[in-house]
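Hi there,

Here is the structure I promised to pass on.

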Amino acid sequence: MTEIINQIFALDIKMKKENNDSANRYLDRIYHEFETMGFQIVNPVGQSYRNEMTDVEANILGDLNKQSKITKVLKPVIYQVENNETKLLQKGIVIVE
Amino acid sequence: MKTINFAIDLGTTNSLIAKYDDGNIKIYNNPLGLKQTLPSCIAFRGNRTVIGDKALDYLEKDAENICMLFKRKMGTQDTYYVPSIDKEMSPIELSSLILKELKNFVNDEESMTSVVITIPASFDTIQSNATKKAGYMAGFKEVVLLQEPIAACLAFANTSSIEVSDKQNWIVYDFGGGTFDVALVEVNDRELKVTDNLGDNYLGGADFDNLIVEKLIVPFIEEKLGIANLWKDLKSKTTNFKGLYFELLKIAEEAKKELSHYEETEIELDIDINGDNFFEQFVIKREQFEDLIAPKVEQTIQFIQDVIKNNQLLNSQIERVILIGGSTYVPLIKKRISEAIGVEVNSTIDPTSAVVHGAAYYAGSKPASVSQDVLVVEKEEDTVDFKLFYEQNTRDLEELITGKVASDKVSGFRIMRKDGGYDSGVKTLDDGGFSEFVPLLEGRLNLFKIQLLNSALDVVKIIDTISINQGSYNVQGQPLPNDICMEVDDLDASATRLEKVFAKGSILPLRKKIYKTASKTILQQSKSNLIINIIEGKSKGLPSSGLSIGYIEISGKDLEEDLIKGTDIEIEIEVTESRDLKINVFLQSCDQEFKNVFSESERAISINKINMEINTVLGDVEALIKTNNSEENFEYSQQLETIRVGLIETQISASLINDDDISDAKFQLDDRKRKLIQDFDDLTRNKLIAKEIEEYKDTKSSLEYHLNKEENERYQEKYARIIKNEREVINSGNKYLIRSKIKELDELYDAIIQSSDENFITYFLNLKFCTEFSNQRRADKLFKQGDQALEKQDYKSLRHIVYGLSALLPDYEKEKQRNFKDDSRTGLS
């Protein structure tokens with residue numbers, strides 16, 4: 001399942017990059033379905049990066065400091081919610097600048 | 001006799017922990033993250049110590065405060081000076097920190113006193129003793145060492161059940177991410193012994209990834225863009241290609257994995273170079289990859305041949321080669337070894353966990369010499385006094401946890417989010433307390449665990465009760481005074497009902513997307529319509545009893561294409577803080593969107609709709625009056641009569657105004673209508689629900705009668721499943737829920753009845769009391785045939801006769817469905 005989510009996520013990023021929002025609705029629907037299946041998908045792009053975030057694997061460019069931000073997300077963070085308990089299913093792979 | 005059971009693979013780059021449990025091996029996952037492996041790497045950041053994955057973050061920025069690969073220095077005088085804490089750290093101390101972190105992988109209730117730790121075959125006595133010392137420093141009372149190749153052989157032998165009767169020579173080939181080792185192991189019926197080993201500390205799978213980038217990807221980009229020196233530029237510190245090197249390494253790693261399974265793989269590059277987007281694909285064949293890595297692989301083959309030669313053996317005297325280490329997934333390795341040595345190459349065991357796996361087997365067979373009671377003295381953790389302060393409910397994505405600890409024993413703390421998404425690392429207390437901002441996962445209950453540690457970083461106390469709810473206000477924020485619902489069709493009951501969108505008490509603003517299917521086809525230009533009616537009121541009540549706060553009619557003439565039954569309808573509903581309602585409807589089959597914003601001051605009301613609703617309720621009121629009159633329940637029917645008269649008056653007034661009337665007459669009417677229907681609802685709801693519950697119980701008991709028969713035992717399981725949440729359903733006070741349960745029971749009942757012809761006897765006898773047959777003459781004839789069949793015990797024929805009689809009975813359901821006319825439906829289901 002994580003592989004399917006990753007592919008959808010990649011597709012989403014690609015369409016956004018090409019300024020193509022014609023399929024946003026369908027992507028939203030797919031994300032909604034993932035959510036009802038108990039997957040919480042987090043795209044941390046733009047967030048400031050803290051070393052304490054153990055849900056991402058960061059590739060850090062240059063110096064890591066308070067201004068460091070997540071500039072690119074290669075794979076999203078996926079949590080799985082089961083019986084109201086949340087657990088990390090996949091670490092995000094990100095680039096931090 | 002108690003055995004050691006726990007085993008640790010204390011690796012140069014990665015470490016693992018496992019447990020032997022009654023024949024099974026459990027390898028523990030890092031609770032922070034998902035991997036079994038813990039990178040053997042530690043970052044010292046002044047008052048904070050980070051161990052494992054996250055320590056790697058500081059590799060570039062702060063290399064002097066990062067310690068890794070210290071296993072290579074075990075048993076030497078060398079120490080690592082760490083400027084940020086102004087302290088010399090010995091490889092033993094560093095290793096003990098890794099061991100302590102691995103202990104964290106194991107559940108808190110497990111007490112670990114004894115452990116097996118693996119060491120390379122090349123470790124001498126001093127190095128071995130250093131490893132033992134690290135184990136004691138980490139709090140173990142007993143440390144047993146085991147050589148890694150032996151552990152690998154044990155893992156192999158125990159999973160493949162091989163009988164070894166005479167002396168054999170095995171080779172263990174260990175090709176990891178950063179190191180390479182080869183060991184010659186002598187095996188006989190009693191023992192395993194490492195006789196020789198060789199290795200290279202700077203040869204690993206990471207070299208393969210770099211080769212793919214350097215020799216395949218970079219030349220491709222250079223050629224396409226007509227640039228040069230890209231490889232050099234990528235790795236330079238002052239590069240223009242920020243992040244590209246990492247991105248390409250990731251792509252290369254993926255390609256490497258693909259090529260372990262497939263003959264070729266396609267690399268897709270979608271990257272930014274000098275501000276321009278570069279989007280190209282190209283194919284890498286396995287051959288190309290193999291040509292690339294062949295020299296490295298040959299190097300490793302040479303090591304095997306050297307080991308064999310050094311021990312005066314011939315290739316033919318080697319029984320098998322066992323592959324471990326992540327890089328051995330590459331098929332070329334297996335192929336080249338079997339070509340060069342000419343023996344069976346075994347890759348059945350998991351290359352990453354084989355060592356810890358085998359070590360755990362060993363631990364499971366090795367008696368522990370330290371008993372549990374030695375530890376009792378140390379169980380004084382509950383004496384630590386502490387106080388915590390934090391918000392339990394918040395809308396922020398970060399929250400402050402503050403703590404005060406009144407104990408001299410505690411000098412550090414560590415906060416972890418239980419889902420694995422956050423770890424503060426080990427930090428020192430500041431003036432007996434701490435304050436830490438923790439990130440929260442949106443819309444969820446976030447659970448945290450705090451460890452209090454002493455100066456040797458041993459856990460003294462675990463606080464396990466912290467939960468912070470993200471997404472709810474503590475005090476401020478406007479709650480909804482009523483449920484907000486949407487009217488949808490209930491095809492089973494042939495009526496419409498309310499579906500809750502937002503529950504009473506939810507905090508504004510609210511937003512939700514609902515996905516529905518069209519329950520009818522609406523042709524272009526037809527008069528048929530789709531109704532989106534958003535209602536504020538009790539979700540358990542009748543749709544017409546609530547206040548309609550947003551109403552959209554989409555009719556055939558609004559459509560650009562036909563709306564087909566069964567296609568998706570997406571409805572986005574938003575209530576802002578100022579209580580504006582926004583509805584956004586998207587019809588998938590028409591690819592058309594309708595937007596509407598309502599604010600309470602301009603309520604949209606349709607006379608048509610008022611009329612329709614009154615008609616529906618009026619029918620029910622009249623039917624109820626009739627039954628209550630016949631039951632001589634006059635007081636009750638008088639109350640109903642008042643409602644009936646009120647409804648009719650409202651209807652008459654409604655017929656006197658036009659739909660485009662601009663006075664507030666419409667609103668007055670709507671208010672009156674709602675009031676009346678609410679009265680009706682209140683008067684009947686409890687009765688209705690009581691009736692449904694009664695029916696539920698009846699259905700259940702008649703079903704149980706059949707279930708208790710021996711031949712129906714196989715239905716028990718299904719029955720148990722249906723009634724599992726019975727109490728919840730009955731207490732819900734929601735008749736639709738109860739109804740759906742009854743329906744499930746009915747279906748099971750039918751299935752049981754139809755499984756045997758004899759069950760139709762009772763049916764047949766019951767039918768004799770019916771008087772409502774549409775064709776009495778035909779019914780009489782069937783009864784006569786039935787009696788004969790009964791006499792002859794011909795139950796099969798009886799069954800068909802029952803079917804025939806049932807067909808003559810009036811079908812109330814169909815009748816009701818016919819009355820559920822198109823224009824009283826919303827078109828949503």
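A term to start with: two residues are in contact when their C-beta atoms, placed from the backbone, lie within 7 Å. Please keep in mind that this is a predicted model, where local features need pLDDT of at least 70, side-chain atom pairs count only at pLDDT 80 or more, and totals for chains, interfaces and linings use all residues. Residues are numbered from 1 along each chain as its sequence is written, while chains are lettered from A and ligands numbered from 1 in the order in which they are written.

**Chain A**

Chain A has two helices and six strands; helices (H or I, at least four residues) and strands (E, at least two) are DSSP runs, numbered from the N terminus. Their order from the N terminus is α-α-β-β-β-β-β-β.

**Where A meets B**

Here 27 residues of chain A contact 29 residues of chain B. On chain A, at least two residues each come from helix H2 (24–36) and the strands E2 (56–60), E3 (70–75), E5 (85–90) and E6 (92–96).

**Two helices in chain B**

In H10(B), Ile607(B), Ile610(B), Glu613(B), Ile614(B), Val617(B) and Val621(B) meet Lys666(B), Leu669(B), Asp670(B), Lys673(B), Ile677(B) and Phe680(B) of H12(B). By class, this contact has eight nonpolar, no polar and four charged residues; Ala, Val, Leu, Ile, Met, Phe, Trp, Tyr, Cys and Pro count as nonpolar, Asp, Glu, Lys and Arg as charged, and the others, Gly among them, as polar.

Best wishes
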